[in-house]
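Q: Could you walk me through how to read the features of a model like this one? I would like the general idea each time, and then the case at hand.

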Amino acid sequence: MGDAAVEGPVLYQKLQLWESSLEEEEEDEISELLVPDPWGPQEAAGNQAGGLSGTWPRIAAALLLLVVVFSLATKHLQKSGSLPAPLGSATPPRSGHTHRPGVYHHGAVISPAAPCSHLARELLAAGGNVVDAGVGAALCLAVVHPHATGLGATFWGLYHNSSSGNTSALVPGPAQTLAPGLGLPLALPGLALLHAHFGRLPWSQLLEGPATLAQEGFLVDTVLAEALEAWGTKGLCPLLCQPDGSPLGPGAQATNPKLANVLRRAALAPSPKLAGEALLSPLARDLGLEAPPAGSLPTLQPALPLPVRQGLLFTTPSPSAGPELLALLGAALQTGGPRPTPCPPQAPVPPGSSVLATVDSSGSVLLLASSLNGSFGSGHLSPSTGVLLSKLGAWSAPQAWACPLIFRDSSDDTEVDVLGLVASDSPTMTKAMTGALLSHLAASQPQPQPRQGQAVNPQVCGQGTLLQVAVHAEHVHVSSVPKDCCPFAGL
């Protein structure tokens, strides 16, 4: 998802013909603002001076009264919702219908970077669906968070379509080699494939915002700055370096025009495969290859299901950690035994990864997880594309960092429709998510409402991040653990 400003809740005003509090307020204002009655008795001196001299003060007073009455009437109409507030007004209308942060009426997105959450919100506002918003946010993260994700990263996705009831998985396939130690980048064809099947907006529209950020510049946030400080500048100059070779700090501006060119070429591609060629062809030239190596492209597959008493669970197939996740859940639910420890002993330092989630009030959810198999991946920056390539190593298979989970409720006595969980940065996160979901299902019967703006589990193992999205009572809810780690935006 540095602290970043979070967009405020959408406010709604119920239209009422009469509000007693408003009438009392206006009576107070009238008693303070109105001038004495212009048609009442006048001083004798004014009348003695002649009828004409007394007329002008009366006309002026009458005009003043008219202006005051008109102003109060306009204010009343605006407060009641009959007239819109002036354009550009930053103050929302007073209303009793408000929501806590992270609760929205229509749709929302949560990601590790504020610009990407807000960019995805704009795609929702433009008529896009959760796939458009999620793919746009992923492309944005490829620009602003190159330490954790990017066009060189491996992507897993889990998408639930509330209209069809189907849940699909984006599967990158087995790790492939571009060059010794360097992973074949298949993020562009994978995201383009997801959009081609389920998106609504034009593919080119999703790349406009990320390409503009890369070309015109973006601010280095605290998360990226801390990764740069820990990594150093080896292999990253001049992209993320000061003129003296030191790493960029928080608030510094960075640009990546080479990456902007790749995104613009990909925007013109008529197919997912050709979208990938926009990156692979210049990469091959960088590495002295005659042509990009042939390899299997990402695919869309049915998600792995697990029926439970309350509904259905879905996750991604192998080589992700999804099968392990369902096995843990199934065993715990079938035996009724003790739940897995939410935070088991820590494994060795895992690869850096990135997650995001989008949701709408109909119950459609997209969860995306990606990784470069290490902070800044291989550390190999392609000079002609501005892309950091993934590192191939022990973490490449199985991909234990990928374990998105969607729970679709099928019970009749609860308002919870869909719950989505996705976590980053730890192979042990599978057990953490298992504990979180089991706690959620077993908390009470019927299944309890998720607390607004909060995740189901108060802690996450190690330095991981857990994102939660849910649909409840025709509202969407987004949250994260640790709290405030990932900016969210919605409408």
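**Reading the features, one at a time**

A: Let's start with a charged pair: Glu122 forms a salt bridge with Arg121, and the closest N and O atoms are 3.2 Å apart. Before going on, note that this is a predicted model, where local features need pLDDT of at least 70 and side-chain atom pairs count only at pLDDT 80 or more, while totals for chains, interfaces and linings use all residues. Residues are numbered from 1 along each chain as its sequence is written, and side-chain values use heavy atoms, with hydrogens and water left out.

Q: What counts as a salt bridge, and how many does the structure hold?

A: The general idea is that side chains of opposite charge can pair when their charged atoms come close. The rule here asks for a side-chain nitrogen of Lys or Arg within 4 Å of a carboxyl oxygen of Asp or Glu. The structure holds 1 such salt bridge.

Q: Are Glu122 and Arg121 buried, partly exposed or exposed?

A: Buried means under 20% relative accessible area, exposed means over 50%, and partly exposed lies in between (1.4 Å probe, protein chains only). Glu122 has 46% relative accessibility, so it counts as partly exposed. Arg121 counts as buried because its relative accessibility is 16%.

Q: Let's turn to the cysteines. How many disulfides are there?

A: In general, a disulfide is a covalent bond between the sulfur atoms of two cysteines. In the model, a disulfide is a pair of cysteine sulfur atoms within 2.5 Å, and by this rule the count comes to 2. If you number the bonded cysteines of the protein in sequence order, the pairing reads 1-2, 3-4.

Q: Which parts of the chain does the disulfide of Cys116 and Cys140 link?

A: The sulfur atoms of Cys116 and Cys140 are 2.2 Å apart. The pair links distant parts of the chain, with Cys116 in helix 4 (residues 114-125) and Cys140 in helix 5 (residues 130-144), 24 residues apart. Helices here are DSSP runs of H or I with at least four residues, strands are runs of E with at least two, and both are numbered from the N terminus. The link of Cys116 and Cys140 is left-handed, with -80 degrees about the S-S bond. Cys116 and Cys140 are both buried.

Q: What about Cys237 and Cys241: how far apart are their sulfur atoms?

A: Those sulfur atoms are 1.9 Å apart, and the two cysteines form a disulfide. This link is left-handed too, with -95 degrees about the S-S bond. Cys237 counts as partly exposed because its relative accessibility is 38%. Cys241 has a relative accessible area of 10%, so it is buried.

Q: Now for strands. Which residues of strand 13 point one way and which the other?

A: In a regular strand the side chains alternate between the two faces of the sheet. In strand 13, Val365, Leu367, Ala369 and Ser371 point one way and Leu366, Leu368 and Ser370 the other, and all are buried. Strand 13 (residues 365-371) is thus mostly covered, with 7 of its 7 residues buried.

Q: Which strands pair with strand 13?

A: Two strands pair if DSSP finds at least two bridges between them. Strand 3 (residues 154-160) runs antiparallel to strand 13 and is joined to it by 7 bridges. Leu158 has Leu367 as its bridge partner in strand 13. Strand 12 (residues 353-360) also pairs with strand 13 in the antiparallel sense, over 7 bridges. Here Thr358 stands opposite Leu366, and Val355 stands opposite Ala369.

Q: What lies between strand 12 and strand 13?

A: The two form a hairpin with 4 residues between them, and Gly363 in the turn has a positive phi of about 105 degrees.

Q: Is strand 12 covered or open, and what else does it pair with?

A: Strand 12 is mostly covered, with 8 of its 8 residues buried. Strand 2 (residues 107-110) runs antiparallel to strand 12, joined by 4 bridges, and Val109 stands opposite Thr358.

Q: Where does Asn373 lie?

A: Asn373 is in the loop between strand 13 and strand 14 (405-409). Asn373 counts as buried because its relative accessibility is 6%. A polar atom of the Asn373 side chain lies 3.0 Å from the backbone oxygen of Lys391.

Conventions
Polar contact = N/O pair within 3.5 Å; in protein donor to acceptor, adjacent residues only side chain to side chain.
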